[in-house]
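I opened the notebook to write down what I looked up, one entry at a time. Please keep the viewer open and follow along.

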Amino acid sequence: MYQCNVSSVRSIPEVFPTRLCGVLRTDNAEVGFQACLAALEAGIGTIEITKTVPSCFELIRGLIATTGNRYPIGVGTVWDPGAVKEAKQAGASFVVTPVVLPEVGQACREHDILCILGALTPTEIYHARLGGAALVKVFPIAPVGGPRYVEALAGPMGGVPLWVSGGVAIEDIGAYLALGVKAVGLTAALFPPEALANGNMEVVRQNAARAAQAAAAVPAT
């Protein structure tokens, strides 16, 4: 079994060097593996494998081994604090929840892994930080206004490091990063279901390259 040798929590810039994260949701682990490799090679930089993907921890081990541990890989859609230990053992760099789960935050502290808790409202974002989130995933961002919602949060919550996810379009990456968002999660915009169904990795590569170009055009804050 591949074991991660990292002995301390990695920083947000270390985990999200391009400020982008591909979020993989698929029922086909083999196709998902190839899609993740294509996205990483084209410049995405970081991948989140959701727990809904079959054999997700084996997929994480495979990606880390295949790429020589060059890219941060995390586990998403985590509801159970017990999954944090599995994530750490698989070599994951971070854990993501869809909602505020302080028990997962506590498990992340115990296992020394970067914690990202999902939230939407200002109250939830506040409680996510209290619950141990180094980074708060505002999800789902697109239905509540996209960049305009992030802009509205900036006044009272300007110091909170945010990840945005849920319906993000590649065309909006620049707007989010210009608002100071630390990481942008891309799901269908990077991994279109029809492309995965057809095994069309070229579409994934093109999407990843476009996303990487959009992120690189905005200076880090």
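**Entry 1: two helices**

Is the crossing of α4 and α5 right-handed or left-handed? I found that α4 and α5 cross in the right-handed sense. On the α4 side I listed V84, K85 and K88 as making the contact, and on the α5 side V104, A107, C108 and H111. Two packed helices are described by the angle between their axes and by the distance between those axes. For α4 and α5 (residues 102–111) I noted an angle of about 35 degrees, with the axes 8 Å apart.

**Entry 2: confidence**

I reminded myself that this is a predicted model, so I looked up the confidence next. The average pLDDT of the protein is 95, and 96% of the residues score at least 70. I flagged residues 1–7, where the pLDDT is below 50. Beyond near neighbours in sequence, that stretch has 14 contacts in the model.

**Entry 3: the barrel**

I then traced the sheet. In which order do the strands of the closed barrel run? There are eight, paired in parallel, and I read them off as β1-β2-β3-β4-β5-β6-β7-β8. On average, and ignoring direction, neighbouring strands of this sheet are turned by 25 degrees against each other.

I started at β1, residues 20–24, which pairs with β2 in the parallel sense over three bridges. Within that pairing I wrote down V23, whose bridge partner in β2 is E48. Two helices pack on the sheet here. Helix α2, residues 29–41, touches β1, β2 and β3, and its direction makes about 165 degrees with that of β2. α3 also packs on the sheet, touching β1, β2 and β3; I noted about 170 degrees between its direction and that of β3.

**Entry 4: where the barrel closes**

How many bridges join β1 to β8? I counted three, and the two strands run parallel. Here G22 stands opposite L186 in β8. On to β7 (residues 162–164), which runs parallel to β8 and is joined to β8 by two bridges. V164 stands opposite V184 in that strand, β8.

Then I checked where the side chains of β8 (residues 183–186) go. A183 and G185 point one way, V184 and L186 point the other way, and all of them are buried.

Most residues other than glycine have a negative phi, and most peptide bonds are trans. With that in mind I went looking for exceptions.

The peptide bond from F139 to P140 is cis, with omega near -5 degrees. P140 sits in the loop between β6 (135–138) and α7 (147–157).

S55 is not a glycine, yet its phi is positive, near 55 degrees. I placed S55 in the loop between β2 (47–50) and α3 (56–66). Is S55 buried or exposed? S55 counts as exposed because its relative accessibility is 53%, and the cut-off for exposed is over 50%.

T77 is another residue other than glycine with a positive phi, near 55 degrees. T77 is in the loop between β3 (73–76) and α4 (82–90). I put T77 down as buried because its relative accessible area is 13%, where buried means under 20%.

**Entry 5: two partly exposed residues**

N69 is in the loop between α3 and β3. At 38% relative accessibility, N69 counts as partly exposed. I looked up its C-alpha separation from V96, 27 residues away along the chain, and got 19 Å.

R129 lies in helix α6, residues 122–130. R129 is partly exposed too, with a relative accessibility of 37%. Which residues does R129 touch, not counting those up to four places away in sequence? My list for R129 reads A134, V136, V160 and P161. As for V168, which is 39 residues from R129 along the chain, the C-alpha atoms of the two are separated by 23 Å.

Key
Residues numbered from 1 in each chain as written. Predicted model: local features only at pLDDT ≥ 70, side-chain atom pairs only at ≥ 80, totals over all residues. Heavy atoms only, no water. Helix = DSSP H or I, 4+ residues; strand = E, 2+ residues; numbered from the N terminus. Buried < 20%, exposed > 50% of the residue type's maximum accessible area, 1.4 Å probe, protein only. pLDDT = per-residue confidence, 0-100. Contact = heavy atoms within 4.5 Å. Pairing = 2+ DSSP bridges. Axes fitted to C-alpha atoms, helices over the stretch in contact; angles between N-to-C directions. Left-handed = near helix turned anticlockwise from the far one by under 90°.
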